[in-house]
Amino acid sequence: MNINPTMPYANLIQPGDNPDLTKERKTASFNLWKMQCFVYEGEEVVKRRKEILEFVQSTPEFNDEIPAEFLSREEVVDRGARKAVVMTNKADAIDTSDFFGEGMYYQSLVIGRDLHSMSLHYIMFMPTIQGQSDDDQMDEWMGPTAARAFLGTFAQTELGHGSNLTKLEATATYDPKTEEFVLHTPTLTATKWWPGGLGKSCNVAVVMAQLYTNGQCKGPHPFFVPLRDPETHMPMKGVTLGDIGPKFGINGSDNGFLIFDHYRIPRRNMFMRFSKVLPDGTYVAPPHAKLGFGTMVFVRSIMIKDQATQLGAAAVIGIRYSAVRRQGEINEGAGEVQVIDYRTQQFRLLPQLARAFAFLFAAYEIKTLYLNVTEQIGTGNMDLLAELHAVSSGLKAVVSWETAQGVEQLRLACGGHGYSRASAFPDIYTYAVGGCTYEGENIVMLLQVARFLMKCAKEVRIGNAKLADIGAYIAKTDSGKSHIRSWRQCSDEDIIHDFEAVARRMIFASYDRLKSFETTMTKKEAWNKCSIDLCKTARVRELCEL
Ligand SMILES: Cc1cc2nc3c(=O)[nH]c(=O)nc-3n(C[C@H](O)[C@H](O)[C@H](O)COP(=O)(O)OP(=O)(O)OC[C@H]3O[C@@H](n4cnc5c(N)ncnc54)[C@H](O)[C@@H]3O)c2cc1C
């Protein structure tokens, strides 16, 4: 094996390691250094990861004497907040313009498998300021946001509605006499519920509320809303808020609730990059309904990478455990074998490792596509934005679902020890599985993809489909017959060809079924009736992408 010992992590074998682990590592059929460079996209990245790891390990404020598993929830939130402050104060250790790469890695090393009181500030609040503010708002808000004078969150979901945003109940009614919006929570179900960091930490929020002006409702719009007094940190008059209590996981984040009682904010606190309300109350609509999609695609690429990382960590734990765990014999009297030698164990472990790689590469791909489409948007071309948005929504759904199933398989692969919190599985699972719900509930996401696919199918049938490279196969007229005669001889192209053929067949079968139902019932009823098929179709389309 061609290992250069000067390369970081060229050799993971350490004196005193478990001999079974060392034995497995010595039989590796690939060069570890090359593998890392391939997985992390280059030598420089691997070297930077090592530097960041060493920095975190050598920073006393990041070292915990007591593991988080033994702390109370309040202590976990406190510790997370303290470390998050140090982490951002020492952010010079990383390239802060590279959140997808260095930022995510740095944060995972410092915070672990959890969020913290400032997570939403960076993941959702700051991107909204950047993406939705007009130039004057950007000048006013971006400086204090970057300097953390504002600590923000994103308040969209309500007790009554999360998926169906058109039915959000919180209102922002424009008052032209004072040039203010009046924010109000008209019902219990209109209470904002879930925003991360809202419970104890944030002093401002992006609030999504139904915009009313001149007596008309213009749908949900984002507003910049001060929530707590910057001096005392007490809630502003007209604002009631607090923590929603312990959750399934991610307990380092103080998710909260929020109620408005005729709370007034200036007109200019409506984000006005795309839509506007003029002083007299005239509403100016956005030039393109899908302009907000770009940021969502980027957040999805981060989520997919995060999920891949969780599955990868679980796979490493499961595989290492299986190498050191000896139980039972394959040949009587030959001694107990490493459980990794059982075919059933390999069947349980190895697909999860393969999935973790596939998901990681999918995240890279989505990020690259996002950058390309952003460039196109800059030239005024929005054609591919909807398709990229659909693909990234669906991938988020499939990847988070597969990750949840995979982590559970890996936990089972560790027997009783997998059930101990010391195994890390409970924390990996409860952290990762949140991704099936936030940023769009998975089934709702798949149905969104299906809607896009049905539109494509219709356009292909009519002959005016405009599809990006990623979806071009939908319009192919290939017979769909498999080229694979033997698994030993099939190429990558053959496998992709077959995946595309299956996806295409399912898309048109679902389309025909939907159209047939539409002849006897309303479109919405037909959609509901076909929705299981539609989800399966969307899922296969995403597996095809993977
Ligand atoms: C850990 C975590 C952090 C969060 N952080 C935030 C945050 O910071 N800010 C924020 O605003 N929100 C946050 N949320 C809220 C989250 O975005 C919503 O919970 C999510 O969008 C799902 O909405 P819901 O709760 O209304 O689910 P529901 O839509 O009520 O889902 C319940 C069930 O109904 C099904 N369903 C719903 N609609 C349809 C449909 N049209 N067709 C078929 N089936 C349907 C779903 O598939 C699901 O099975 C967070 C949630 C979690 C778990």
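**View 1. Helix α12 gives the most to the shell around the ligand, with three residues.** This is a predicted model, where local features need pLDDT of at least 70 and side-chain atom pairs count only at pLDDT 80 or more, while totals for chains, interfaces and linings use all residues. Residues are numbered from 1 along each chain as its sequence is written, and side-chain values use heavy atoms, with hydrogens and water left out. Both α12 (442–462) and β1 (152–155) supply at least two residues of the shell. Helices (H or I, at least four residues) and strands (E, at least two) are DSSP runs, numbered from the N terminus.

**View 2. Here are the residues around the ligand.** There are 18 of them, and Phe154, Gln156, Thr157, Ser163 and Glu441 come nearest; to be near, a residue needs a heavy atom within 4 Å. The shell splits into nine nonpolar, eight polar and one charged. Ala, Val, Leu, Ile, Met, Phe, Trp, Tyr, Cys and Pro count as nonpolar, Asp, Glu, Lys and Arg as charged, and the others, Gly among them, as polar.

View 3. Thr157 puts a polar side-chain atom 2.7 Å from a ligand nitrogen. Phe154 has a backbone N or O atom 2.9 Å from a nitrogen of the ligand, and Gln156 has a backbone N or O atom 2.9 Å from a ligand oxygen. The protein covers 61% of the 970 Å² of accessible area that the ligand has on its own (Shrake-Rupley method, 1.4 Å probe).

**View 4. Residues 154–261 carry a UniProt label.** The unreviewed entry calls them "domain: Acyl-CoA oxidase/dehydrogenase middle"; such annotations may be inferred rather than shown by experiment. This span is 0% helix and 42% strand, and its end C-alpha atoms lie 19 Å apart.

Methods. A polar contact is a pair of N or O atoms within 3.5 Å; within protein, one must be able to donate a hydrogen and the other to accept it, and residues adjacent in sequence count only if both atoms are side-chain atoms.
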